[in-house]
Amino acid sequence: MAKITHKGSWIKISSLNKEDKRNYLLSAGFFLTGALFWGLHLNTVDGIFGPPVFENTDTSLSFAIVRAMIIICWVIGAIYYRKFLHTQDELMHRYYLTTFASGGAGFVCVGMLFSIIDPYVDIAIGFYGYFVAFGIGTVVGGILFDKKYLSDGE
């Protein structure tokens, strides 16, 4: 079974058996590759870093391939992640449910705060900026999970 480390923010990969380690690392690799393609895609849309770098890419074959690769990589990553998670114990399942639920709450709560202050600041926070809020919520969820289930009262 996986050991949760770093105050609920990471899994100790060396604690996994061979098959779980393979599934977890393949999942992470495909998600990372998809994220690289997503970064290319983000250059074509308005976002937290400003206007698009590349214009008129809606019908571009190369960017259609980039967008398809995002989906393909993330679907393959999700398949391997599901295989990994299927072999884990109840504590690991609770950990992932807690962190992702906290990420969703962060998306809503911090995203709501972003949308409220958006008219008053000169920063346009687009759809992708709200994923920062998801990340904040996920980190907070991992810390709270560590405090509740893993810490020895330190």
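I125 sits in the loop that joins α3 to α4, the latter covering residues 130-150. The model is a predicted one. In it, the protein has four helices and two strands, and their order along the sequence is β-β-α-α-α-α.

- The relative accessibility of I125 is 19%, and the limit for a buried residue is under 20%, so I125 counts as buried.
- Leaving out residues up to four places away in sequence, I125 touches F114, D118 and Y130.
- Between I125 and G111 there are 9.3 Å from C-alpha to C-alpha, and the two are 14 residues apart along the chain.

**The pair α3 and α4**

- The helices on either side of this loop, α3 and α4, pack against each other at an angle of about 140°, and their axes lie 6 Å apart.
- Roughly antiparallel would need an angle over 145 degrees, and α3 is therefore classed as oblique to α4.
- The crossing of α3 past α4 is right-handed.
- Sorted by class, the residues in the contact of α3 with α4 are 13 nonpolar, 12 polar and one charged.

**The pair α1 and α2**

- Helix α1 covers residues 18-42 and packs against α2 at an angle of about 160°, with 8 Å between the axes.
- Because angles over 145 degrees count as roughly antiparallel, α1 and α2 are described as roughly antiparallel to each other.
- α1 passes α2 in a left-handed crossing.
- The contact of α1 with α2 is made up of 19 nonpolar, six polar and four charged residues.

**The nonpolar core**

- The largest nonpolar core consists of 12 residues, namely A2, I4, I11, L16, Y24, Y81, F84, L85, M92, Y95, Y96 and F145.
- Two helices, α2 (61-86) and α3 (90-117), each contribute at least two residues to this core.
- In soluble globular proteins, nonpolar side chains tend to be buried together.
- F84 is one of the core residues, and beyond its neighbours within four places in sequence it is in contact with A2, I11, L16, D20, N23, Y24 and Y96.
- Among these partners of F84, A2, I11, L16, Y24 and Y96 also belong to the core.

**S15 and the loop between β2 and α1**

- S15 is found in the loop between β2, which covers residues 10-12, and α1.
- S15 has a relative accessibility of 26% and so counts as partly exposed.
- Apart from residues up to four places away in sequence, S15 touches M1, A2 and K3.
- One of these partners of S15, A2, is listed in the largest nonpolar core.
- I4, another residue listed in that core, is 11 residues from S15 in sequence, and their C-alpha atoms are 9.3 Å apart in space.

**The protein as a whole**

- The C-alpha trace of the protein spans about 50 × 40 × 20 Å along its principal axes.
- The protein has 154 residues, and 27% of them are buried.
- Of the contacts in the protein with a separation of 6 or more, 66% are between residues 24 or more positions apart.

Conventions
Residues numbered from 1 in each chain as written. Predicted model: local features only at pLDDT ≥ 70, side-chain atom pairs only at ≥ 80, totals over all residues. Heavy atoms only, no water. Core = buried A, V, L, I, M, F, W, Y, C linked by side-chain atoms within 4.5 Å. Buried < 20%, exposed > 50% of the residue type's maximum accessible area, 1.4 Å probe, protein only. Contact = heavy atoms within 4.5 Å. Axes fitted to C-alpha atoms, helices over the stretch in contact; angles between N-to-C directions. Parallel < 35°, antiparallel > 145°, perpendicular 65-115°, else oblique. Left-handed = near helix turned anticlockwise from the far one by under 90°. Nonpolar A, V, L, I, M, F, W, Y, C, P; charged D, E, K, R; others polar.
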